[in-house]
Amino acid sequence: MQHFPDARSVVRALAPDEPVILNRPHAAARAARFFVEKFPGKSLYAVKANPSPDLFRILWDNGVTHYDVASIAEVRLTRSVLPEATLCFMHPVKSRGAIREAYFDHGVRTFSLDSSDELAKIVEATRDADGNDATDLRLCVRLRVSSEHAALSLASKFGCDLTEAPALLQETRQYADWLGVCFHVGSQAMSPFAYVQALDRTRAAIAEASVVIDMIDVGGGFPSVYPGMEPPPLEDYFTIIHQHFYALPIAYNAELWCEPGRALCAEYSSLVVKVEKRRGEELYINDGAYGALFDAAHVDWKFPVRALEDDLIKPEMDFAFYGPTCDDADYMPGPFNLPEDIQAGDYIEIGMLGAYGAAMKTDFNGFGSAERIIVEDEPMASLYDGSRTRPAADNVVSLR
Ligand SMILES: *Cc1c(COP(=O)(O)O)cnc(C)c1O
(Lines give C-alpha, C1' and ligand atoms only; values in the text may rest on other atoms or scores of the structure.)
Protein backbone atom coordinates (compact mmCIF):
# COMPACT_ATOMS: atom_id res chain seq x y z
CA MET A 1 0.00 0.00 0.00
CA GLN A 2 1.24 3.51 -0.80
CA HIS A 3 1.98 5.93 2.05
CA PHE A 4 1.23 9.66 2.08
CA PRO A 5 1.21 12.27 4.85
CA ASP A 6 -2.47 13.19 4.40
CA ALA A 7 -5.43 13.53 2.05
CA ARG A 8 -4.22 16.75 0.41
CA SER A 9 -0.96 15.16 -0.63
CA VAL A 10 -2.86 12.18 -2.07
CA VAL A 11 -4.98 14.52 -4.19
CA ARG A 12 -1.99 16.57 -5.34
CA ALA A 13 0.02 13.50 -6.30
CA LEU A 14 -2.68 11.31 -7.81
CA ALA A 15 -5.71 13.46 -8.68
CA PRO A 16 -7.70 10.23 -8.32
CA ASP A 17 -10.69 9.68 -10.58
CA GLU A 18 -12.14 7.05 -8.24
CA PRO A 19 -12.76 7.22 -4.49
CA VAL A 20 -9.75 6.46 -2.30
CA ILE A 21 -9.92 4.94 1.17
CA LEU A 22 -7.31 6.41 3.49
CA ASN A 23 -6.29 4.13 6.35
CA ARG A 24 -4.63 5.28 9.56
CA PRO A 25 -3.02 2.27 11.24
CA HIS A 26 -1.78 4.44 14.11
CA ALA A 27 -5.36 5.41 14.99
CA ALA A 28 -6.60 1.80 15.09
CA ALA A 29 -3.55 0.79 17.14
CA ARG A 30 -4.25 3.56 19.64
CA ALA A 31 -7.90 2.55 19.99
CA ALA A 32 -6.91 -1.10 20.52
CA ARG A 33 -4.40 -0.20 23.22
CA PHE A 34 -6.99 1.99 24.92
CA PHE A 35 -9.47 -0.89 25.21
CA VAL A 36 -6.81 -3.46 26.12
CA GLU A 37 -5.42 -1.24 28.88
CA LYS A 38 -8.55 0.43 30.21
CA PHE A 39 -11.53 -1.85 29.77
CA PRO A 40 -11.71 -3.88 33.01
CA GLY A 41 -12.02 -7.21 31.19
CA LYS A 42 -11.53 -8.70 27.75
CA SER A 43 -12.28 -6.77 24.54
CA LEU A 44 -13.44 -8.77 21.51
CA TYR A 45 -13.28 -6.99 18.15
CA ALA A 46 -16.65 -7.24 16.36
CA VAL A 47 -15.42 -8.15 12.90
CA LYS A 48 -18.50 -6.98 11.00
CA ALA A 49 -17.63 -3.31 11.64
CA ASN A 50 -14.67 -3.65 9.27
CA PRO A 51 -13.42 -7.08 8.14
CA SER A 52 -10.11 -5.87 6.73
CA PRO A 53 -7.17 -8.27 7.23
CA ASP A 54 -4.80 -5.30 7.62
CA LEU A 55 -6.95 -4.04 10.47
CA PHE A 56 -7.06 -7.51 12.11
CA ARG A 57 -3.24 -7.56 12.18
CA ILE A 58 -3.05 -4.08 13.72
CA LEU A 59 -5.53 -5.03 16.45
CA TRP A 60 -3.77 -8.33 17.13
CA ASP A 61 -0.35 -6.62 17.34
CA ASN A 62 -1.82 -4.23 19.90
CA GLY A 63 -3.25 -6.86 22.20
CA VAL A 64 -6.72 -7.75 20.89
CA THR A 65 -6.76 -11.56 21.09
CA HIS A 66 -10.52 -12.30 20.83
CA TYR A 67 -12.77 -11.71 17.82
CA ASP A 68 -16.56 -11.63 17.60
CA VAL A 69 -17.53 -13.29 14.33
CA ALA A 70 -21.09 -13.60 13.05
CA SER A 71 -20.95 -15.74 9.90
CA ILE A 72 -18.95 -18.71 8.72
CA ALA A 73 -17.27 -16.45 6.14
CA GLU A 74 -16.10 -14.18 8.97
CA VAL A 75 -14.87 -17.24 10.89
CA ARG A 76 -12.83 -18.45 7.89
CA LEU A 77 -11.45 -15.01 7.09
CA THR A 78 -10.43 -14.16 10.65
CA ARG A 79 -8.90 -17.60 11.18
CA SER A 80 -6.91 -17.37 7.94
CA VAL A 81 -5.37 -14.05 9.00
CA LEU A 82 -4.96 -14.77 12.74
CA PRO A 83 -4.36 -18.49 13.31
CA GLU A 84 -4.02 -18.07 17.08
CA ALA A 85 -6.95 -15.75 17.76
CA THR A 86 -9.87 -16.85 19.91
CA LEU A 87 -12.99 -16.68 17.75
CA CYS A 88 -16.43 -16.34 19.33
CA PHE A 89 -19.50 -16.99 17.19
CA MET A 90 -21.85 -14.37 18.63
CA HIS A 91 -24.69 -14.40 16.10
CA PRO A 92 -27.66 -15.96 17.91
CA VAL A 93 -29.06 -17.57 14.74
CA LYS A 94 -26.69 -19.87 12.86
CA SER A 95 -26.92 -22.81 10.47
CA ARG A 96 -25.92 -26.28 11.66
CA GLY A 97 -23.27 -26.41 8.94
CA ALA A 98 -21.74 -23.14 10.12
CA ILE A 99 -21.67 -24.29 13.76
CA ARG A 100 -20.13 -27.63 12.81
CA GLU A 101 -17.41 -26.13 10.64
CA ALA A 102 -16.62 -23.43 13.22
CA TYR A 103 -16.33 -26.00 16.02
CA PHE A 104 -14.50 -28.84 14.26
CA ASP A 105 -12.39 -26.97 11.68
CA HIS A 106 -11.66 -23.60 13.27
CA GLY A 107 -11.53 -24.30 17.02
CA VAL A 108 -14.51 -22.13 17.93
CA ARG A 109 -15.87 -22.99 21.39
CA THR A 110 -17.91 -19.89 22.28
CA PHE A 111 -21.38 -19.55 20.76
CA SER A 112 -24.31 -17.29 21.57
CA LEU A 113 -27.98 -18.25 21.46
CA ASP A 114 -31.36 -16.80 22.35
CA SER A 115 -33.68 -19.79 22.13
CA SER A 116 -34.00 -23.49 23.00
CA ASP A 117 -34.04 -24.29 19.30
CA GLU A 118 -30.66 -22.67 18.78
CA LEU A 119 -29.28 -24.51 21.83
CA ALA A 120 -30.43 -27.81 20.33
CA LYS A 121 -28.76 -26.88 17.03
CA ILE A 122 -25.44 -26.11 18.74
CA VAL A 123 -25.55 -29.31 20.84
CA GLU A 124 -26.33 -31.50 17.81
CA ALA A 125 -23.87 -29.85 15.46
CA THR A 126 -20.96 -30.22 17.91
CA ARG A 127 -21.58 -33.92 18.78
CA ASP A 128 -18.70 -36.23 17.86
CA ALA A 129 -18.94 -39.18 15.46
CA ASP A 130 -19.83 -41.53 18.36
CA GLY A 131 -22.75 -39.35 19.35
CA ASN A 132 -21.13 -37.85 22.46
CA ASP A 133 -22.04 -34.30 23.44
CA ALA A 134 -19.22 -31.76 23.40
CA THR A 135 -17.92 -31.05 26.91
CA ASP A 136 -16.08 -27.83 26.16
CA LEU A 137 -18.83 -25.51 24.96
CA ARG A 138 -18.83 -21.93 26.16
CA LEU A 139 -22.37 -20.71 25.66
CA CYS A 140 -23.74 -17.20 26.00
CA VAL A 141 -27.44 -16.53 26.36
CA ARG A 142 -28.33 -13.28 24.57
CA LEU A 143 -30.75 -11.11 26.49
CA ARG A 144 -32.95 -8.55 24.81
CA VAL A 145 -32.26 -5.09 26.23
CA SER A 146 -33.39 -1.56 25.49
CA SER A 147 -31.76 0.47 22.70
CA GLU A 148 -33.15 3.78 23.92
CA HIS A 149 -29.73 5.39 24.44
CA ALA A 150 -28.31 4.25 21.10
CA ALA A 151 -28.28 5.99 17.73
CA LEU A 152 -28.92 2.65 15.99
CA SER A 153 -31.29 0.15 17.57
CA LEU A 154 -30.46 -3.53 17.90
CA ALA A 155 -33.35 -4.25 20.24
CA SER A 156 -35.96 -5.97 18.12
CA LYS A 157 -34.22 -8.73 16.24
CA PHE A 158 -32.28 -10.79 18.77
CA GLY A 159 -32.35 -11.69 22.44
CA CYS A 160 -34.72 -13.52 24.73
CA ASP A 161 -36.84 -11.46 27.06
CA LEU A 162 -36.89 -11.58 30.83
CA THR A 163 -39.75 -14.06 31.03
CA GLU A 164 -37.86 -16.61 28.90
CA ALA A 165 -34.32 -16.01 30.12
CA PRO A 166 -34.32 -17.92 33.44
CA ALA A 167 -35.51 -21.20 31.87
CA LEU A 168 -33.14 -20.82 28.93
CA LEU A 169 -30.20 -20.16 31.28
CA GLN A 170 -31.06 -23.28 33.28
CA GLU A 171 -31.37 -25.40 30.16
CA THR A 172 -28.17 -24.03 28.62
CA ARG A 173 -26.26 -24.61 31.87
CA GLN A 174 -26.71 -28.37 31.38
CA TYR A 175 -24.72 -28.31 28.13
CA ALA A 176 -22.26 -25.50 28.87
CA ASP A 177 -18.83 -25.95 30.35
CA TRP A 178 -18.93 -22.21 30.78
CA LEU A 179 -22.09 -20.11 30.79
CA GLY A 180 -22.34 -16.44 29.96
CA VAL A 181 -24.95 -13.77 29.51
CA CYS A 182 -24.57 -11.29 26.65
CA PHE A 183 -26.54 -8.38 25.24
CA HIS A 184 -26.17 -5.45 22.86
CA VAL A 185 -27.42 -2.02 23.88
CA GLY A 186 -27.50 -0.76 20.27
CA SER A 187 -24.79 0.92 18.26
CA GLN A 188 -23.37 4.34 19.20
CA ALA A 189 -24.76 4.31 22.76
CA MET A 190 -24.58 7.96 23.76
CA SER A 191 -24.83 7.34 27.51
CA PRO A 192 -23.15 4.82 29.83
CA PHE A 193 -26.56 4.47 31.45
CA ALA A 194 -27.50 2.12 28.58
CA TYR A 195 -25.21 -0.50 30.14
CA VAL A 196 -26.57 0.11 33.64
CA GLN A 197 -30.09 -0.68 32.48
CA ALA A 198 -28.91 -3.79 30.62
CA LEU A 199 -26.90 -5.04 33.61
CA ASP A 200 -29.94 -4.52 35.87
CA ARG A 201 -31.90 -6.74 33.53
CA THR A 202 -29.07 -9.26 33.54
CA ARG A 203 -29.18 -9.31 37.32
CA ALA A 204 -32.90 -10.03 37.33
CA ALA A 205 -32.48 -12.92 34.88
CA ILE A 206 -29.60 -14.49 36.83
CA ALA A 207 -31.33 -14.13 40.20
CA GLU A 208 -34.44 -15.82 38.88
CA ALA A 209 -32.50 -18.64 37.18
CA SER A 210 -30.21 -19.41 40.17
CA VAL A 211 -27.45 -20.84 37.99
CA VAL A 212 -23.70 -20.27 38.11
CA ILE A 213 -22.65 -17.61 35.60
CA ASP A 214 -19.04 -17.60 34.40
CA MET A 215 -19.07 -14.60 32.11
CA ILE A 216 -20.89 -11.36 31.38
CA ASP A 217 -20.50 -9.88 27.91
CA VAL A 218 -21.73 -6.30 27.64
CA GLY A 219 -21.52 -6.38 23.84
CA GLY A 220 -20.73 -3.48 21.54
CA GLY A 221 -22.30 -0.05 21.33
CA PHE A 222 -19.30 1.97 22.52
CA PRO A 223 -19.54 5.25 20.63
CA SER A 224 -17.22 7.16 18.39
CA VAL A 225 -17.43 10.89 17.75
CA TYR A 226 -19.33 12.42 14.81
CA PRO A 227 -20.79 15.87 14.07
CA GLY A 228 -23.57 16.43 16.58
CA MET A 229 -22.71 13.24 18.50
CA GLU A 230 -20.13 13.93 21.19
CA PRO A 231 -20.27 11.14 23.73
CA PRO A 232 -18.90 11.26 27.28
CA PRO A 233 -15.38 9.80 27.68
CA LEU A 234 -15.18 6.02 27.33
CA GLU A 235 -13.59 5.83 30.78
CA ASP A 236 -17.02 6.74 32.20
CA TYR A 237 -18.56 3.77 30.43
CA PHE A 238 -15.84 1.44 31.71
CA THR A 239 -16.13 2.63 35.31
CA ILE A 240 -19.88 2.23 35.44
CA ILE A 241 -19.84 -1.17 33.74
CA HIS A 242 -17.21 -2.40 36.18
CA GLN A 243 -19.16 -1.28 39.23
CA HIS A 244 -22.38 -2.88 38.09
CA PHE A 245 -20.59 -6.06 37.00
CA TYR A 246 -19.11 -6.45 40.49
CA ALA A 247 -22.51 -6.22 42.07
CA LEU A 248 -23.93 -9.17 40.07
CA PRO A 249 -24.61 -12.56 41.68
CA ILE A 250 -22.05 -14.45 39.58
CA ALA A 251 -19.09 -16.79 40.10
CA TYR A 252 -16.24 -15.13 42.03
CA ASN A 253 -13.92 -15.64 39.04
CA ALA A 254 -16.48 -14.66 36.42
CA GLU A 255 -15.06 -12.77 33.44
CA LEU A 256 -16.21 -9.47 31.97
CA TRP A 257 -16.17 -9.12 28.18
CA CYS A 258 -17.14 -6.47 25.67
CA GLU A 259 -17.45 -6.54 21.86
CA PRO A 260 -16.55 -3.13 20.44
CA GLY A 261 -16.80 -2.72 16.68
CA ARG A 262 -17.30 0.96 15.93
CA ALA A 263 -15.13 2.28 18.79
CA LEU A 264 -12.11 0.25 17.67
CA CYS A 265 -12.16 1.18 13.99
CA ALA A 266 -14.21 4.34 13.26
CA GLU A 267 -11.04 6.44 13.30
CA TYR A 268 -9.14 4.00 11.09
CA SER A 269 -10.41 5.23 7.70
CA SER A 270 -11.57 8.25 5.81
CA LEU A 271 -12.55 8.60 2.18
CA VAL A 272 -11.47 10.97 -0.59
CA VAL A 273 -14.22 11.66 -3.13
CA LYS A 274 -14.36 13.88 -6.20
CA VAL A 275 -17.16 16.28 -7.01
CA GLU A 276 -18.38 15.39 -10.50
CA LYS A 277 -21.13 17.99 -10.73
CA ARG A 278 -22.71 20.75 -8.71
CA ARG A 279 -26.42 21.62 -8.86
CA GLY A 280 -27.07 24.46 -6.42
CA GLU A 281 -26.72 23.05 -2.92
CA GLU A 282 -26.28 19.50 -4.17
CA LEU A 283 -22.93 17.93 -4.97
CA TYR A 284 -22.72 14.82 -7.14
CA ILE A 285 -19.79 12.84 -5.76
CA ASN A 286 -18.23 9.53 -6.81
CA ASP A 287 -19.17 7.42 -3.76
CA GLY A 288 -22.49 7.01 -2.01
CA ALA A 289 -25.28 4.88 -0.60
CA TYR A 290 -24.03 1.69 -2.24
CA GLY A 291 -20.46 2.50 -1.33
CA ALA A 292 -18.82 3.60 1.88
CA LEU A 293 -21.61 6.09 2.64
CA PHE A 294 -24.42 3.59 3.30
CA ASP A 295 -25.15 5.02 6.75
CA ALA A 296 -25.10 8.62 5.49
CA ALA A 297 -27.88 7.71 3.06
CA HIS A 298 -29.92 5.11 4.91
CA VAL A 299 -29.82 6.19 8.55
CA ASP A 300 -28.99 9.89 8.07
CA TRP A 301 -25.60 9.52 9.75
CA LYS A 302 -23.53 12.73 9.88
CA PHE A 303 -19.89 12.37 8.91
CA PRO A 304 -17.31 15.17 9.12
CA VAL A 305 -16.15 16.60 5.78
CA ARG A 306 -13.44 18.96 4.56
CA ALA A 307 -12.59 20.41 1.16
CA LEU A 308 -9.12 19.50 -0.06
CA GLU A 309 -8.40 22.43 -2.42
CA ASP A 310 -6.29 25.36 -1.26
CA ASP A 311 -8.03 27.95 -3.41
CA LEU A 312 -11.50 27.81 -1.85
CA ILE A 313 -11.96 31.05 0.04
CA LYS A 314 -15.68 31.53 0.61
CA PRO A 315 -17.40 30.77 3.94
CA GLU A 316 -19.01 27.39 4.41
CA MET A 317 -22.59 26.48 3.58
CA ASP A 318 -24.72 23.33 3.83
CA PHE A 319 -24.66 20.81 1.00
CA ALA A 320 -26.37 17.49 0.32
CA PHE A 321 -24.63 14.76 -1.69
CA TYR A 322 -25.77 12.52 -4.53
CA GLY A 323 -23.80 9.30 -5.05
CA PRO A 324 -22.68 7.97 -8.44
CA THR A 325 -25.32 5.29 -9.17
CA CYS A 326 -28.47 5.93 -11.22
CA ASP A 327 -30.69 5.35 -8.19
CA ASP A 328 -32.57 8.25 -6.56
CA ALA A 329 -31.96 6.60 -3.16
CA ASP A 330 -28.27 7.26 -3.67
CA TYR A 331 -28.73 10.52 -1.78
CA MET A 332 -27.13 11.74 1.44
CA PRO A 333 -28.98 14.66 3.03
CA GLY A 334 -26.19 15.64 5.43
CA PRO A 335 -26.03 18.59 5.81
CA PHE A 336 -22.36 18.66 4.89
CA ASN A 337 -20.59 21.93 5.58
CA LEU A 338 -18.25 22.96 2.76
CA PRO A 339 -16.96 26.20 1.19
CA GLU A 340 -19.55 28.02 -0.91
CA ASP A 341 -17.25 28.09 -3.95
CA ILE A 342 -16.69 24.33 -4.15
CA GLN A 343 -17.31 23.05 -7.67
CA ALA A 344 -16.98 20.10 -10.05
CA GLY A 345 -13.45 18.71 -10.09
CA ASP A 346 -12.78 19.53 -6.43
CA TYR A 347 -12.03 16.86 -3.84
CA ILE A 348 -13.57 16.27 -0.42
CA GLU A 349 -12.36 14.13 2.49
CA ILE A 350 -15.11 12.42 4.46
CA GLY A 351 -13.94 11.29 7.90
CA MET A 352 -14.70 8.61 10.49
CA LEU A 353 -15.56 5.90 7.95
CA GLY A 354 -13.52 3.05 9.40
CA ALA A 355 -16.59 1.44 10.98
CA TYR A 356 -19.59 0.49 8.83
CA GLY A 357 -18.14 2.61 5.99
CA ALA A 358 -15.34 0.95 4.10
CA ALA A 359 -17.02 -2.38 5.02
CA MET A 360 -20.30 -1.54 3.27
CA LYS A 361 -19.01 -0.98 -0.26
CA THR A 362 -20.81 -2.87 -3.03
CA ASP A 363 -20.18 -3.05 -6.77
CA PHE A 364 -23.70 -1.90 -7.65
CA ASN A 365 -23.84 -0.09 -10.99
CA GLY A 366 -20.10 -0.59 -11.45
CA PHE A 367 -19.00 1.90 -8.81
CA GLY A 368 -17.35 -0.36 -6.25
CA SER A 369 -13.66 0.12 -6.67
CA ALA A 370 -11.51 2.22 -4.39
CA GLU A 371 -7.79 2.29 -3.90
CA ARG A 372 -6.47 2.03 -0.33
CA ILE A 373 -3.67 4.27 0.85
CA ILE A 374 -2.02 4.69 4.25
CA VAL A 375 -1.85 8.22 5.66
CA GLU A 376 -0.15 9.48 8.78
CA ASP A 377 -2.16 12.48 9.93
CA GLU A 378 -4.75 12.48 12.70
CA PRO A 379 -8.32 11.31 12.03
CA MET A 380 -10.85 14.14 11.70
CA ALA A 381 -11.99 13.45 15.27
CA SER A 382 -10.69 11.18 18.00
CA LEU A 383 -11.70 9.79 21.34
CA TYR A 384 -8.15 8.69 22.02
CA ASP A 385 -5.80 11.60 21.29
CA GLY A 386 -6.08 13.14 24.74
CA SER A 387 -7.96 16.17 23.40
CA ARG A 388 -11.24 15.32 25.03
CA THR A 389 -11.94 16.81 28.42
CA ARG A 390 -14.39 15.71 31.07
CA PRO A 391 -17.96 15.73 29.85
CA ALA A 392 -20.48 18.46 30.43
CA ALA A 393 -22.33 18.01 33.72
CA ASP A 394 -25.45 16.69 32.03
CA ASN A 395 -23.46 13.82 30.57
CA VAL A 396 -22.25 12.51 33.89
CA VAL A 397 -24.21 9.51 35.01
CA SER A 398 -24.68 9.29 38.73
CA LEU A 399 -23.51 6.11 40.37
CA ARG A 400 -25.94 4.24 42.51
C1 LIG B 1 -22.61 -5.33 15.62
C2 LIG B 1 -22.27 -6.06 16.85
C3 LIG B 1 -21.25 -5.61 17.70
C4 LIG B 1 -20.48 -4.33 17.47
O5 LIG B 1 -21.29 -3.24 17.72
P6 LIG B 1 -20.71 -1.74 17.74
O7 LIG B 1 -21.91 -0.91 17.97
O8 LIG B 1 -20.07 -1.52 16.43
O9 LIG B 1 -19.73 -1.67 18.86
C10 LIG B 1 -20.95 -6.37 18.81
N11 LIG B 1 -21.63 -7.50 19.11
C12 LIG B 1 -22.63 -7.95 18.32
C13 LIG B 1 -23.32 -9.21 18.71
C14 LIG B 1 -22.99 -7.25 17.18
O15 LIG B 1 -24.00 -7.70 16.42
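Reply: A polar contact is a pair of N or O atoms within 3.5 Å; within protein, one must be able to donate a hydrogen and the other to accept it, and residues adjacent in sequence count only if both atoms are side-chain atoms. This is a predicted model, in which local features need pLDDT of at least 70 and side-chain atom pairs count only at pLDDT 80 or more, while totals for chains, interfaces and linings use all residues. Residues are numbered from 1 along each chain as its sequence is written, and side-chain values use heavy atoms, with hydrogens and water left out.

Me: What lies 2.8 Å from the backbone nitrogen of Ala 70?

Reply: A polar atom of the Glu 74 side chain lies at that distance from the Ala 70 nitrogen. The limit for a polar contact is 3.5 Å, and 2.8 Å falls within it.

Me: Why is Glu 74 called buried?

Reply: Its relative accessibility is 13%. Buried means under 20% relative accessible area, exposed over 50% and partly exposed in between (1.4 Å probe, protein chains only), so Glu 74 counts as buried. The residue is found in helix 4, residues 72-81; helices (H or I, at least four residues) and strands (E, at least two) are DSSP runs, numbered from the N terminus. Leaving aside neighbours within four places in sequence, Glu 74 is in contact (heavy atoms within 4.5 Å) with Val 47, Lys 48, Asp 68 and Val 69.

Me: Why does Lys 361 count as buried?

Reply: Lys 361 has 18% relative accessibility, which is under the 20% limit, and therefore counts as buried. Lys 361 lies in the loop between strand 18 (347-350) and strand 19 (371-375). Its contacts beyond four places in sequence include Pro 19, Ile 21, Tyr 290 and Phe 367.

Me: What joins the side chains of Lys 361 and Asp 287?

Reply: A polar contact of 2.5 Å joins them, a value within the 3.5 Å limit.

Me: What makes up the two domains, and how much area do they bury between them?

Reply: Domain 1 is 3-22 + 270-375 and domain 2 is 26-265, with bounds from an automatic or database domain assignment. Together they bury about 1,200 Å², 66% of it on carbon and sulfur atoms; buried area is the accessible area (1.4 Å probe) that two parts lose on being put together, summed over both. In domain 1, Trp 301, Met 352 and Tyr 356 lose the most area to domain 2, together 50% of what that side buries.
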